[in-house]
Amino acid sequence: MDPTNLRAILTQDEQVGAGNVLLRLAEHGADPDLPRVSFDRDVDGIAAWTPLSLAMLTERAAARAHWFSRRGIGRRDPVAVYVTSAADVFLNYFALTWLGAIPALLNGSMPIEVAAEFIRRLRGVGVVTDADHAALREHDLGVPILGDASETGTGDPRLAPPHYRHHAQDPIAITHSSGTTRTPAAIVHSHHGLFAAVRAVRLTEARPYGEVRELSALPAAHTAGIITMNQALCNSYQLLCLSAQGGQFQRSGEAVLDAIERWRPTGVFGFAVTWSELARYDLGARDLSSVRNWSSTGDCAHESHIRRLVAAGSHQIFRRGEGVVTVPGSKFIDTLGSTEMGHAAFYMTHRLGSDRYDRCVGKPYPFAEVALLDVETGAEVPDGQVGHLGLKSPTLALGYWNDSVNTFRTRLNGYYLTGDLLYRDAEGYYYHVDRASDALELTDGDWLYTALSEERILKHCADVRDCSVIAAREDDGSVVTQVLLVLAEHADPALEREPQVRAALGEPVARTLQRVMTIPDDGVVMGPTGKVRKFLMRQQLLAGTGAG
């Protein structure tokens, strides 16, 4: 079937959702043999980087569905999947949703002790893990380990039970928050909710000219990873999923650049931390000419990182007398979202020459109803005033698994409170200033916004690659701020940067500055998202790591 016709059919199909994309594609007559998805790890005897067709993906998922069914897994059974390989994440996700079970996907970079506690709180029926996480077997999980991920593909695909038929509000996946302020929260998503943005935006936006090849540096176990997979399948795009994506125990920048040069994608998906890692390298020395789009989600990306990326890559334009030609420069699509939001609510596009930065996240997607609220009164704040982001959207998660207290605590006047602080300008553009948990009120009506402060430091200190602003209120009520700097490759670590940092912060915040520390680049522990990065850097500061 022609991909354009298939997109139109899927948009109108009320049965398709995040739990049955493979099934509905087959039932609508999608080409079973087109190359669809490649992984960077071997799986089921299939070599890494080999494109898997829809037929191959379905067969591998069916084999796993049979394997799980033989172990008694079925409708509504929560099964934890704690693995490294993106192939193991997605194929087990497809298999468990095939059965109507609920895959609980854990980022493979989550520490073993944290993962064990997360699994205990799930109160599920079993766990699938891999050799990288063998130490999990030493913990009391409250549920059995069903087997190793290498075993799940040994089932007989011919004996798989019939695919479960999902209702719109059926729970189809549990993912988790970044764990910025507490143990990662388990968040449950519905069949239609986790597909709503694919239906409303990804299947209706203009199809790019020519072949589309998308590289995902997102964690496969994240909500964004699932959405990226489903939108690529439904759009008949080719997708490469990387297993190494900047987790706590690995650096991803070079791996992503190597993959771009080898696979030649037209688009790259990542978190803000992905672009920070790419900023470690001279992008002009790498062949990134195939990339037309960089797509970011999670936290707002930094201007200094975006400008370097849009100067790389290429895009196509039409010239009279020449037709379609390729010219230098790419596009960066910045979006603000979270696991609980189910998809980003805002989007902003940057190109060469763009000048609307300062943590501008653009405008809401058509499906998102947003309000900036005073949480004390529930009233909306006027333009120019910072408020708490409230969201009504079909993409919203059903809530927190086994935690109705926090599910309802985060609701106000029908809105989900995301925990983000933003303001809107007179033109209707929204600007993200901080997470509510990180912002602190100063004197005379001033506020300290850590994320906005970080943006200003990176903008005014050209030899700083990344930074983290850590603020706390002392027992006497005063606020003290400490700044961690990660320098660019050729920056002089002995240079005194405190005056520059103070000037960037502005007088009210600069008065709170206690110290500026330089962290060696090889001493920074990176997390999979910007939120985790900041949390880990805070931990390093408290531990007294670094110099300067």
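Start with Cys241: its sulfur sits 14 Å from the closest cysteine sulfur, in Cys234, so the two are too far apart for a bond. Keep in mind that this is a predicted model. Below is a quick tour of its cysteines, its nonpolar cores and one of its sheets.

**Cysteines**
- Searching the whole structure turns up 0 disulfides.
- Cys461 is in no disulfide either, and the nearest cysteine sulfur, that of Cys467, is 8.0 Å away.
- Are Cys241 and Cys461 buried or exposed? Cys241 counts as buried because its relative accessibility is 3%, and Cys461 is buried too, with a relative accessible area of 1%.

**Nonpolar cores**
- The largest nonpolar core has 59 residues, and Phe39, Phe68, Phe94, Met229 and Leu233 have the most contacts inside it.
- Helix α4 (residues 86-98) gives this core its largest share, 10 residues.
- Which residues does Met229 touch, leaving out those up to four places away in sequence? They are Val37, Phe39, Phe90, Phe94, Leu239 and Cys241.
- Another core, of 25 residues, lies apart from the largest one; Ala197, Val361, Leu372 and Leu422 are among its members.

**A three-stranded sheet**
- This open sheet has 3 strands in the order β26-β27-β28, with mixed pairing.
- At the edges you'll find β26 (464-473) and β28 (513-518), each pairing on one side only.
- β26 and β27 (residues 479-487) run antiparallel and are joined by 9 bridges.
- Cys467 shows up again here: its bridge partner in β27 is Leu485.
- Helix α13 (residues 450-460) lies across β26 and β27, running at about 145° to β26.

Technical notes: Residues are numbered from 1 along each chain as its sequence is written. This is a predicted model: local features need pLDDT of at least 70, side-chain atom pairs count only at pLDDT 80 or more; totals for chains, interfaces and linings use all residues. Side-chain values use heavy atoms; hydrogens and water are left out. A nonpolar core is a set of buried Ala, Val, Leu, Ile, Met, Phe, Trp, Tyr and Cys residues joined through side-chain atoms within 4.5 Å. Buried means under 20% relative accessible area, exposed over 50%, partly exposed in between (1.4 Å probe, protein chains only). Helices (H or I, at least four residues) and strands (E, at least two) are DSSP runs, numbered from the N terminus. Contact means heavy atoms within 4.5 Å. A disulfide is a pair of cysteine sulfur atoms within 2.5 Å. Two strands pair if DSSP finds at least two bridges between them. Axes are lines fitted to C-alpha atoms, for helices over the stretch in contact, and angles run from 0 to 180 degrees between N-to-C directions.
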